[in-house]
Amino acid sequence: MVKELQLRVTLKEEEHHDILVIKSAQALDVDKEDITGVKVLRKSIDARKPKIIFNYKVAVYIREVLPKSSEYQFDYKDVSKAKPIHIIGFGPAGMYAALRCIELGFKPIVLERGKNVQDRRRDLRAINQQHFVNEDSNYCFGEGGAGTYSDGKLYTRSLKRGDVRRIFENLVYHGATDQILVDAHPHIGTNKLPKVVQNIRETILKYGGEVHFETRVTDFVIKNNKIQAIQLNGNNEMPADRVILATGHSARDIFYLLHEKEIALEAKSFAMGVRVEHPQHIIDSIQYHCSGERHELLPAASYSLVQQVNDRGVYSFCMCPGGFIVPAATANGEVVVNGMSPSKRNNLYANSGIVVEIDVNRDLPKYEQFGALKGLEYQKNLERMAFTAGGRSQVAPAQRLTDFVEGKLSADLNPTSYQPGLNSAPLHSLMPKLIGSRLRKGFTAFGQKMKGYYTAEANIVGVESRTSSPVCIPRNERLEHPQIQGLFPCGEGGGYAGGIVSAAMDGERCAEAAITGL
Ligand SMILES: Cc1cc2nc3c(=O)[nH]c(=O)nc-3n(C[C@H](O)[C@H](O)[C@H](O)COP(=O)(O)OP(=O)(O)OC[C@H]3O[C@@H](n4cnc5c(N)ncnc54)[C@H](O)[C@@H]3O)c2cc1C
């Protein structure tokens, strides 16, 4: 017999290794010895009150064997001789498009400008230590895309539970911890993601797909509004009639290329701001109502904040507890910051993007001349400002949080996790008013919502500018570009995803669309 239960476990009880069996036996009025296993289906922490509670949803197996197999079977076929589907970009969207092609019996040919996960590490070191950005291999470009060296938070607002579960099961199949199947806020961690990504590549190769690194797509050959071929690294052409374009939100050369070729693009609203970094113990003490160290059974605390300021949302984005701020620029001459965490989230700092919504139809009148690329040009200007204010390297401009809000240059800064280093700069006057003044009001409001959050012990670091794509590549109901037959804009770059899971789900959808009629 199998019974599903909700259990509430206090922090003290959680210390007991057998607590779920004991509580299940009590709740079901059965002998502890008759319980053959308790499978956790969902786990979350309720820390709203000082008495912290772990909420569990469990399946209790009574005199029955605990099944170990997953619900999902991935039916990968030998596609070595099958009809090819070309996929540009090997981020979450491209990876899941390729895996889905194999399940459906088509051969994915993946073209990725960056390097494999191993070789990519060297370029990340160069950004952090020599402040040199390889424009094809960095925190955004390379095997696994922008998701590889990230926190690996797997949150999505998608309501399609089945599709989300499928992506999670697939990540577990490729080596992610099965804890992601139960946690209310699952994450993988930057130390574990590269192996998962590498396993996905190995599955693709094993079943006859192709993955070509250091292969940048530089042009599209289009005849009679139909895609015929793609140009690689500025010279040779590869014939292609079904192309999934999954190049992410940082592939500016792709947006420029499409614009020059008069292939329709649209400006898209997005968000920009700064990253704020607190000592983790401050966030822990606020969220867990404790002073000093958090209990060892509690994970580094996170937060989610939102405030409406002068008709625009100001909100926390991609919060990384126990994490690092990283340099996420894709070209020299710009400074862009983002965040990542290891699986244990055990670094000393908590960082989060705090960003302001930018409405491209109302906020950028001076950029109208750039048409569909107006948001992109505005984004570029902010990143150049950060480069100059940081001192023309990957050193980022920063300010104590309280100085930013009060409009004062910081005499000195707090220690940071950001490896290239920080330079004190008057971000309160350098940021465009549209963003800066809303951020200042937003931070004040956040300080009222979370007592202790508004503190001189936090730095703000500029600029968090790549939250989502400032450009949308349109597609019709068949997920094909309305003007170009055979071109399927996909993932975050097209404007159809906002994170690892939604990009992966969109990749699967685009693969299904691309094979239609073949
Ligand atoms: C540091 C950091 C931390 C993040 N943390 C999280 C997180 O914790 N959780 C979360 O959900 N999201 C996170 N994100 C966002 C997430 O990574 C993206 O939403 C996601 O990767 C988008 O997937 P994608 O496949 O659409 O595009 P991308 O991941 O951007 O992949 C696009 C790929 O296309 C390649 N490419 C670009 N142009 C070309 C070309 N011309 N030819 C060939 N290849 C090309 C790029 O090299 C890249 O590998 C983070 C991002 C960063 C940078």
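Mentor: A polar contact is a pair of N or O atoms within 3.5 Å; within protein, one must be able to donate a hydrogen and the other to accept it, and residues adjacent in sequence count only if both atoms are side-chain atoms. The model is predicted, so local features need pLDDT of at least 70 and side-chain atom pairs pLDDT 80 or more, while totals for chains, interfaces and linings use all residues. Numbering starts from 1 along each chain as its sequence is written, and side-chain values use heavy atoms, without hydrogens or water.

Start with the oxygen atoms of the ligand. A backbone N or O atom of G499 is 3.2 Å from one of the ligand's oxygen atoms. G142 also brings a backbone N or O atom, which lies 3.0 Å from an oxygen atom of the ligand. With E492 the side chain is involved: one of its N or O atoms is 2.6 Å from a ligand oxygen atom. On its own the ligand has 1,000 Å² of accessible area (Shrake-Rupley method, 1.4 Å probe; for residues, only the protein chains shown count as cover), and the protein covers 96% of that area.

Next, the shell. Several elements give two or more residues to it: helix 3 (92–104), strand 16 (337–340), helix 13 (491–494) and helix 14 (500–514). Helices (H or I, at least four residues) and strands (E, at least two) are DSSP runs, numbered from the N terminus. There are 37 residues around the ligand, and A93, E112, A146, E492 and I500 come nearest; a residue is near if one of its heavy atoms lies within 4 Å. By class, the shell holds 17 nonpolar, 14 polar and 6 charged residues. Here Ala, Val, Leu, Ile, Met, Phe, Trp, Tyr, Cys and Pro count as nonpolar, Asp, Glu, Lys and Arg as charged, and the others, Gly among them, as polar.

Most residues other than glycine have a negative phi, and most peptide bonds are trans. N233, a residue other than glycine, has a positive phi, near 45 degrees. N233 sits in the loop between strand 8 (226–232) and strand 9 (237–239). The peptide bond between G462 and V463 is cis, with omega about -5 degrees. V463 belongs to strand 20 (residues 459–464).
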